[in-house]
Amino acid sequence: MVIIMGISLKAKLLLIFLAISLAPMSVAVAYTSMMDTEHTRSQLLTTLNSIAEQVASNYFDYMEKNGGAVCNAAEDLSLASSSEWGDYLDHLSVEGAILFGVADDTGRVVAVSDAERWSGTWTAPGAYAPREFISQLRAGEEFRFSETDSRKAYYTLPFEDITSKKDPPLVMIFGKSFTGLDGRRYHLYMVWDWYTVAQSRILVLQGSLFGDLGSIVITPEEGGLRLWADTNAERTGTLLSPSALGESWDFYQALSGKRAQTIAEISPEVKEYSLQGQGRIVAACMAPSWFHYSLGFIAYMTNPDAIYRFLDSARNNAIMIAGLAAAAGVGASYFFTRSISSKINRVIADAMRVASGDLREGGTGNLRSTVQTGNKGE
């Protein structure tokens, strides 16, 4: 209290004006900064969710289209003579497929598209296909590939095969068993260059204010996450160990057990975490429970530090604006309080003169008459 009493009037007024003007301003700047940060984060998470959903949608569109194609082709072959199969396969048009073949129930190839191209390989006519997928086809392993098409077909996850010309040489197989006109059982298989399919038809790479937003197709395994496709193409086919995933590993493990019943019910979950001191944000969802494989779809920031740099920049800008506003407030308050305090000081000085008996106006020596006489002549 003694300290406050010792402060000049001008200083007191200045403090009052600053408290009145800067407190709401500080609250407003802090609130605006917080809202901008949350809005930015919310928009980013919404975009990541949309990308994860889009990748899942792209994948199941691909599954439905090509699962249907292999079923339709098998039905056509079952109605044609085996001598016509080679010509049929040569003229079969399915976007992105690099090979069509038919094997008998022993695994021997009896027809293939563009037969000369595959001469001397496992898929050439007359050769026995030493491939696991032929064994599985013969075992009758067929799965749902669509929610709207009740038919089933055989399909694989991507695997290495020389028919792919890409690096890594990953392919994906669709197959369908059928009975020929001769009454024997045959197996149609269609091969897609998975790398090309993933990069051009399934994955989503989207630019944003903070840099590129990428996507991944994965399967959670005991030893980590198997990357079947990635917009960072060099990682395709690799396994990310738990140590490379940091604290997000628990998130992916938990997510692998959360599979919706339908595609429409797929809802990505978001995870913000730190890996080696760098902030990261991902949105991820799993394939529905009817799908044969535990497949996951992830959207992520390719340069996650950009968003955090932006948020830090926004906060620093808010502090700078508040500082400038405070400086302007101090300047305005100074001139305003100076004007008011000078007037108050003059009033105080006049009051003190009156109290001391000095009735001269403004202290100029001119007497102010306070009593009027009744007779002028006296």
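Predicted model: local features only at pLDDT ≥ 70, side-chain atom pairs only at ≥ 80, totals over all residues.

Guide: Let's start at Asp230, which sits in strand E10, residues 224-230. Asp230 has a relative accessible area of 0%, so it is buried, the cut-off being under 20%. Its side chain has a partner there: a polar contact of 2.6 Å links it to the side chain of Arg235. Beyond four places in sequence, Asp230 also touches Gln199, Leu203, Ser215, Ile216, Thr236 and Tyr300, along with Arg235.

Now step across to Ser215, which belongs to strand E9, residues 211-221. Ser215 counts as buried because its relative accessibility is 0%. A polar atom of the Ser215 side chain lies 2.8 Å from the backbone oxygen of Val204. Again leaving out residues up to four places away, the contacts of Ser215 include Ile51, Val55, Leu203, Asp230, Ile298 and Tyr300.

Val55 takes us on to Phe297, which is in contact with Val55 as well as Ala52, Ala56, Tyr59, Phe60 and Ile216, among others. Phe297 is part of the largest nonpolar core, a set of 75 residues, and is among the members that touch the most others, as are Tyr59, Met63 and Trp194. Helix H2, residues 9-78, gives the most to this core, with 17 residues. There is also a second, separate core of 17 residues, including Ile218, Leu225, Leu275 and Met286. As background, nonpolar side chains tend to be buried together in soluble globular proteins.

Key
Residues numbered from 1 in each chain as written. Heavy atoms only, no water. Helix = DSSP H or I, 4+ residues; strand = E, 2+ residues; numbered from the N terminus. Buried < 20%, exposed > 50% of the residue type's maximum accessible area, 1.4 Å probe, protein only. Polar contact = N/O pair within 3.5 Å; in protein donor to acceptor, adjacent residues only side chain to side chain. Contact = heavy atoms within 4.5 Å. Core = buried A, V, L, I, M, F, W, Y, C linked by side-chain atoms within 4.5 Å.
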